[in-house]
Amino acid sequence: MASSTPTQGSAVARRWRYLDVIVAVLAVAGLIVDAVVDNGWHNLPPAAWPLALVTGAPLVARRRAPLLVLAAVVPLLLVCLGVFHPSRAAVGIVMLLVFTVGMEGHRSRSLTVGALMAPVVTAGILVTSPSEGAAFKWVTYLALVLAALAAGEALRARREVSEVRHAEAEREREAQIQHRFDEQRLRLANELHDIVGHALVAINVRAAAAAHLARKEDGDVPAPVLDEIATASAEALGEVRSALKSLRRPGPSSDAPLRPPADLGDLPGLVSGVERSGLSVDLRVDELPTVVPHAVGHAGYRIIQEGLTNVLRHSTATRAAVRVGAADGSLVVEVIDHGRERSGSAGDGNGLQGMRERASALGGGCEAGRLPGGGWRIRCWLPTGTGA
């Protein structure tokens with residue numbers, strides 16, 4: 001929602017000030033004209049002009065200090081009524097003032113003072129201008145003044161409701177912005193975890209395997225460079241995972257993941273890279289729907305990538321199986337190995353959490369657990385929107 005600039009605000013304030021000046025001039029003119037209509041110019045006392053001017057002048061500040069202006073003008077109106085009897089104009093001015101009090105003043109105090117002033121002024125009109133039907137006129141004038149007060153209060157209440165709604169809408173807009181930021185942060189955490197984590201695991205496994213092979217061939221001669229690479233990559237992987245924890249927030253993402261180029265068509269390249277790290281992978285892709293949404297294909301790729309990374313990092317397996325197929329309108333991916341958990345291996349849960357978040361974001365699900373005969377299986381299903 002756009003907010004007004006300071007320049008626009010000052011222009012509006014100037015327009016209101018001009019309007020208040022016009023209202024004050026009209027009030028002065030109304031007091032004089034009302035007296036002239038009833039008594040004629042020849043019966044208008046000389047004091048009427050300065051009294052009308054002094055009575056109408058405070059109206060220029062009626063919105064900035066409504067109670068103060070009301071308290072100042074009411075005694076002056078009583079004097080005017082006693083000197084030249086502008087009864088109708090006096091009622092109109094009081095109506096305007098109590099309306100302003102109801103709209104601009106502090107609620108309880110304004111209503112109390114305005115309600116007290118109304119009968120005082122109407123009584124003053126009757127006392128200074130006695131005529132037939134005085135009781136009826138008093139009731140009529142009092143009703144008009146109180147109606148003006150009620151109208152001002154109603155307008156203030158409506159304005160307050162509008163301001164509350166505006167504030168709620170602004171808070172909701174800010175919450176939506178924060179929500180989108182959190183979702184983007186979570187998707188970025190998933191992408192970094194999958195891309196950087198997979199690469200670091202591959203470096204670590206290959207460096208460790210090369211160091212082991214070098215020792216075996218050279219009779220346990222140290223391979224410091226390879227050991228340093230393995231150690232540095234392991235430390236970097238730990239730091240990456242720790243940093244990504246701070247990017248995550250509890251609960252699943254409500255939007256589909258981002259869509260980098262990686263898709264199901266890139267699985268052979270992924271498998272080839274994993275096999276260079278020493279893990280043999282049996283990839284089988286069954287018949288898939290003609291059209292697989294990009295978000296679904298990308299999520300399937302990342303889930304498989306993370307599953308194979310977990311095998312490299314946490315399992316003693318030398319072989320793994322990857323299955324990709326379709327069932328009940330969903331893309332189904334599985335990663336299976338039959339190795340044992342490496343000693344000292346302790347997963348931090350980011351990988352499995354990321355898989356579940358990806359699947360949940362698309363309306364699917366993910367299961368992971370140990371197999372009865374040993375090993376580990378990850379199975380996720382991602383709705384493709386193509387029906388059963």
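**Salt bridges, one by one**

Analyst: D20 counts as buried, at 1% relative accessibility (buried is under 20%, exposed over 50%, partly exposed in between, with a 1.4 Å probe and protein chains only). Keep in mind that this is a predicted model, where local features need pLDDT of at least 70 and side-chain atom pairs pLDDT 80 or more, while totals for chains, interfaces and linings use all residues. Numbering starts from 1 along each chain as its sequence is written, and side-chain values use heavy atoms, without hydrogens and water.

The partner of D20 is R62: the two form a salt bridge with their closest N and O atoms 3.4 Å apart (the rule is a Lys or Arg side-chain nitrogen within 4 Å of an Asp or Glu carboxyl oxygen). D20 sits in helix α1 and R62 in the loop between α2 and α3, so this contact ties together parts 42 residues apart in sequence (helices are DSSP runs of H or I, at least four residues; strands are E, at least two). R62 is buried as well, because its relative accessibility is 7%.

Next comes R323 with D282, whose closest N and O atoms are 3.0 Å apart. R323 belongs to strand β2 (residues 319-327) and D282 to strand β1 (residues 280-285), so the pair ties together parts 41 residues apart in sequence. R323 is buried, with a relative accessible area of 18%, whereas D282 is partly exposed because its value is 33%.

Then there's E334 and R377, which meet in a salt bridge at 3.6 Å, N to O. E334 is in strand β3 (residues 330-337) and R377 in strand β5, so here the linked parts are 43 residues apart in sequence. E334 counts as buried at 15% relative accessibility, while R377 is partly exposed, its relative accessible area being 32%.

Back at D20, salt bridges with shared partners join D20, R62 and R63 into one network. By the rule given, the count comes to seven salt bridges.

Now for the surface. R14, R15, R17 and R64 form a positive patch. R64 is placed in the loop between α2 (48-56) and α3 (66-84), and it is exposed, with a relative accessible area of 57%. Elsewhere on the list, V21, V25 and V60 make a nonpolar surface patch of about 220 Å². V25 is found in helix α1 and counts as exposed because its relative accessibility is 52%. Patch members have over 30% relative accessible area and no salt bridge, with like charges joined within 9 Å and nonpolar side chains within 5 Å.

Under the surface, the largest nonpolar core has 33 residues, and F84 and I93 touch the most other members (a core is buried nonpolar residues joined through side-chain atoms within 4.5 Å). The elements giving two or more residues to this core are α1 (6-39), α2, α3, α4 (87-104) and α6 (134-218). With nine residues, α3 gives the most.

G374 is partly exposed, with a relative accessible area of 27%. G374 and H338 are 36 residues apart in sequence, yet 5.7 Å apart in space, C-alpha to C-alpha.

Terms used: Areas by Shrake-Rupley, 256 points an atom, 1.4 Å probe, with all protein chains shown as cover. Lys, Arg positive; Asp, Glu negative; His and termini not counted. Charge placed at Lys NZ, Arg CZ, Asp CG, Glu CD.
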